[in-house]
Amino acid sequence: MTRCIKHAAVFCALLLLALLVNITRVQLVQAQRYDDNPANRRQVIARYGRPRGAILVGGRPVTGSKDTGEQLRYERTYKNGPLYAPVTGFASQVYGTTFLEHAEDGILSGTDPLLTPFPLWNDVTRARNPGGDVVTTLDPAAQEAAYEGLAGRKGAVAAVEPSTGRILALVSSPSYDPAVLSGNRHSVERSWRRLNGDPDKPMLNRAVRQTYPPGSTFKVVTAAAALDAGVVTDLDEPTRSPDPYRLPGTSTALTNEGDGCADASLRAAFAWSCNTVFAKLGVDVGVTDLAATAAGFGFNDPGLRVPFSVARSTFDRHVDKAQLALSAIGQYNTRATPLQMAMVSAAVANGGQVPAPYLVERTTTVNGTTVATSGVRSRFRAMHPSTAVRMRELMRDVVERGTGTNAAIPGATVGGKTGTAQHGVGNSGTPYAWFVSWAQGEQDVEPTVAVAVVVEDASADRTDISGGGVAAPIARAVMEAVLGG
Amino acid sequence: MTKPGTTVAAQYEESPKPWLSEPADSSAPAPRVPRRRGIELALIVVAVLLCVYGYCDVGLAKNGTVPPGAAGYGAGLGVLALLAHLAVRRRAPCADPLLLPIGVLLNGLGLVLIHRLDLETPGHRAAPVQLVWSTVGVALFIVVVVLLRDHRVLQRYAYVCVTAALVLLALPIFFPSVNGARIWIRIAGFSLQPGEFAKVLLAVFFAAYLAANRGALAYTGRQIWRLRRLQLPTGRVLGPIVAIWLLSVGVLVLERDLGTSLLFFGLFVVLLYVATGRTGWIAVGLLLAALGAFAVGTLEPHVHSRVEDWLHPFATIEAGQGPNQLSQSLFAFAAGGLFGTGLGLGHSILIGFAAKSDFVLATAGEELGLAGLSAIVILYALLVERGYRAGLCLRDPFGRLLAVGLASIVALQVFVIAGGVSGLIPLTGMAMPFLAQGGSSVVTNWIIVALLIRISDSARRQPQDDDGVPTP
């Protein structure tokens with residue numbers, strides 16, 4: 001019997017040993033696989049277990065965190081949510097994150113290894129860093145001016161600092177309050193469905209994710225290409241262009257809104273936005289040079305990030321001459337985001353260099369220690385510095401005595417370009433009103449702000465639509481806000 | 001009277017009523033046996049302090065303060081343990097000094113874990129009730145230690161035990177089923193699981209019956225394939241025990257409590273093997289187990305789904321229905337890693353239903369880690385080992401079989417439920433001894449420890465020799 005008891009004891013020992021081996025398998029060998037299983041709520045609980053870092057505008061947080069006491073404890077809150085929604089995006093417990101909340105999620109949620117005081121420290125202590133802060137480049141005054149200027153009309157504003165590429169304003173309208181998507185209650189799902197079903201698309205970030213035909217504002221690019229290529233050498237020399245201009249290879253005649261465009265000089269044609277002159281100039285420059293200049297300004301670049309990605313602005317390289325003529329006046333397949341057009345304006349203001357736009361000045365830990373800083377990077381050279389000087393002159397003329405007088409600011413040097421872009425099948429859609437500009441204050445040595453404004457303005461009378469009438473005042477308000485600050 | 005010089009088997013073949021024999025040590029000179037009650041007291045103090053530390057740790061982690069009830073909790077557990085210790089000191093002075101401290105530590109740890117999970121479910125507080133049941137358990141422990149002067153007395157009540165066990169097993173059939181299993185009865189707001197008590201009673205019966213008939217079981221019968229080891233006993237000897245076993249298993253299948261059924265079967269096979277030394281029993285046992293498992297696994301949908309869950313724990317996740325309890329349990333274990341998250345910092349409440357009872361080990365795994373969980377498993381192993389050691393040291397077959405049976409109950413139960421929640425075997429509902437929420441379970445386990453204390457006391461009082469067999 002003793003022998004059998006010993007056998008039974010060994011049997012029991014084996015059972016318990018099997019338990020230990022299996023527990024080791026689950027807790028050590030397979031642990032990572034179980035931890036990473038998407039159905040395992042622990043990572044989500046840990047993510048919302050502490051307050052999310054703040055996004056700062058003008059030194060003040062525009063976001064916050066609310067302790068709900070629920071399983072997913074902290075919920076995102078927003079101050080001035082609709083105003084900053086195109087910048088912050090939303091941080092939802094159900095629908096994920098967008099824009100800065102997405103691009104800087106590692107910092108904001110505290111998972112970025114750079115937030116750790118020492119390497120591997122958290123692996124040992126099982127601690128989690130508090131979320132860090134993201135300091136934006138935005139100018140709150142400019143942002144508010146742009147938002148108020150759009151006044152709920154469909155459109156967008158982008159403003160950058162020409163010398164650095166710091167984004168000063170990024171507004172999309174109509175907007176929404178991202179706070180309604182923060183939590184995980186049933187109302188969040190309803191808000192999500194309502195926002196997605198809204199025909200005005202309030203969650204669409206028109207400043208960076210929507211491309212529009214730039215219309216006449218693209219003439220800045222065409223003019224720069226013509227000057228760079230030597231097609232035009234003297235701003236005041238007649239351009240030998242007919243009015244109306246018959247598109248090459250077709251019987252279609254291109255006309256202008258106003259008179260006096262026949263054989264106009266580049267200066268006059270730019271100031272009065274002569275389609276005929278720029279269509280012909282585009283054809284004269286040729287697709288290769290025009291496309292190269294457009295690319296220099298940032299067109300056809302799919303990889304732009306600020307740090308969230310920006311939709312690609314396009315200039316079609318595979319065109320016949322008629323299409324090239326239309327492309328040169330910002331129609332046909334030419335499309336641009338408002339941010340892209342702000343970069344066009346900034347390139348002129350910055351001596352031909354296009355700065356890489358960026359939205360995050362620096363990221364910090366919760367105590368304010370800098371984690372990372374955005375450096376100023378020059379991306380492309382869009383044109384010769386001498387061309388830039390002459391382009392500034394052309395753009396100044398637009399504001400001083402051309403179509404853009406609404407943008408003039410007393411005591412400041414302002415350059416601009418209006419645009420009214422046809423779109424839709426047979427150009428039946430309500431045209432878009434554009435205005436791109438830059439401004440230099442009296443005390444400044446160089447322009448300090450470049451703006452692009454687009455107003456879809458579906459509610460306005462069609463004949464009233466013009467960049468100068470609708471979009472220029474908004475641009476002026478933004479520029480004034482920047483110069484005044 | 002025991003005749004010196006006869007073998008154990010022969011002895012009982014001659015004596016039709018072995019339980020009437022006198023205690024073996026009454027005629028032998030009693031040597032001085034080290035009592036080690038001081039060690040027991042010291043270990044109890046350590047166990048109580050560990051539990052109070054855990055209790056404070058939970059409070060510190062959840063609220064940042066030492067919980068106000070810490071002193072009361074420590075005092076309550078301490079007084080219970082002290083009373084139990086005094087009972088042992090007085091009535092079983094030679095008992096194994098490890099058994100009681102292990103019981104105190106596991107019970108205290110269970111209370112801490114349940115209290116910790118209570119913090120996540122403010123509406124359903126289980127720890128106070130569990131504390132009441134623990135008090136009842138310790139009270140019964142004291143009653144058993146004080147009143148049961150000699151474990152051999154139980155041999156007299158073998159048939160009373162088996163009748164009581166069958167009644168207890170049958171009772172829940174007349175009560176509504178809870179969560180698919182008919183294993184509870186509700187009286188005056190308290191729910192009881194009579195199957196828990198039945199297992200001790202059945203262990204007593206198996207031990208008594210096998211001790212009385214083991215000679216007949218081992219040495220009569222016909223050989224199969226001319227192999228001596230595969231000798232089956234005659235139906236006359238085997239009949240009653242198989243009938244009892246079939247009945248209990250039948251009742252359990254009716255009640256859908258597969259875990260307890262598995263436990264009884266394992267207990268039965270182990271005791272049969274220990275009593276007769278026949279390997280054939282193991283072969284037959286395993287064959288029956290395999291057949292039974294296959295039949296139940298395919299035919300019974302409740303069990304079949306458990307097997308499917310075990311084979312594919314993440315099937316519900318892949319089907320988009322979210323994680324089931326087993327995968328939540330595995331997640332909890334995995335989240336613990338080597339050292340655990342620390343008490344109060346895990347999320348094992350995600351397991352949901354039965355997190356405090358069947359799945360309480362997952363909380364231990366998440367918050368104490370592999371290190372803490374291994375310690376707990378080793379505590380159980382020690383408990384089992386002390387039970388087996390008491391059995392080895394005893395001379396009377398009933399006591400040996402009872403000790404082995406009780407220790408095996410603990411081992412099998414730990415294996416079935418811990419293996420179930422950690423994905424080693426299909427999950428069957430069962431209480432983790434001492435740790436899990438459940439009054440019947442904790443009371444039963446205290447009775448098991450009390451019986452083992454009594455047996456170990458007898459074992460260490462008698463003169464020892466190498467093999468634990470009576471000296472000629």
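At what angle do helix 4 (residues 99-118) of chain B and helix 17 (residues 439-461) of chain B pack? The angle is about 165 degrees, and their axes lie 10 Å apart. Axes here are lines fitted to C-alpha atoms, for helices over the stretch in contact, with angles running from 0 to 180 degrees between N-to-C directions. Helix 4 of chain B is therefore roughly antiparallel to helix 17 of chain B, a label for angles over 145 degrees.

A word on the model: it is predicted, so local features need pLDDT of at least 70 and side-chain atom pairs count only at pLDDT 80 or more, while totals for chains, interfaces and linings use all residues. Residues are numbered from 1 along each chain as its sequence is written, and chains are lettered from A in the order in which they are written.

| Helix 4 of chain B | Leu99(B), Leu100(B), Gly103(B), Asn107(B) |
| Helix 17 of chain B | Val442(B), Trp446(B), Val449(B), Leu452(B), Ile453(B), Ser456(B) |

Now to the meeting of the two chains. Chain A brings 30 residues to the contact and chain B brings 46 residues. On the side of chain A that touches chain B, helix 1 of chain A gives the most, with 18 residues.

Chain A itself has 17 helices and 18 strands; these are DSSP runs, helices (H or I) of at least four residues and strands (E) of at least two, numbered from the N terminus. Its C-alpha atoms fill a box of roughly 120 × 45 × 40 Å along the principal axes.

Note on methods. Contact = placed C-beta atoms within 7 Å. Parallel < 35°, antiparallel > 145°, perpendicular 65-115°, else oblique.
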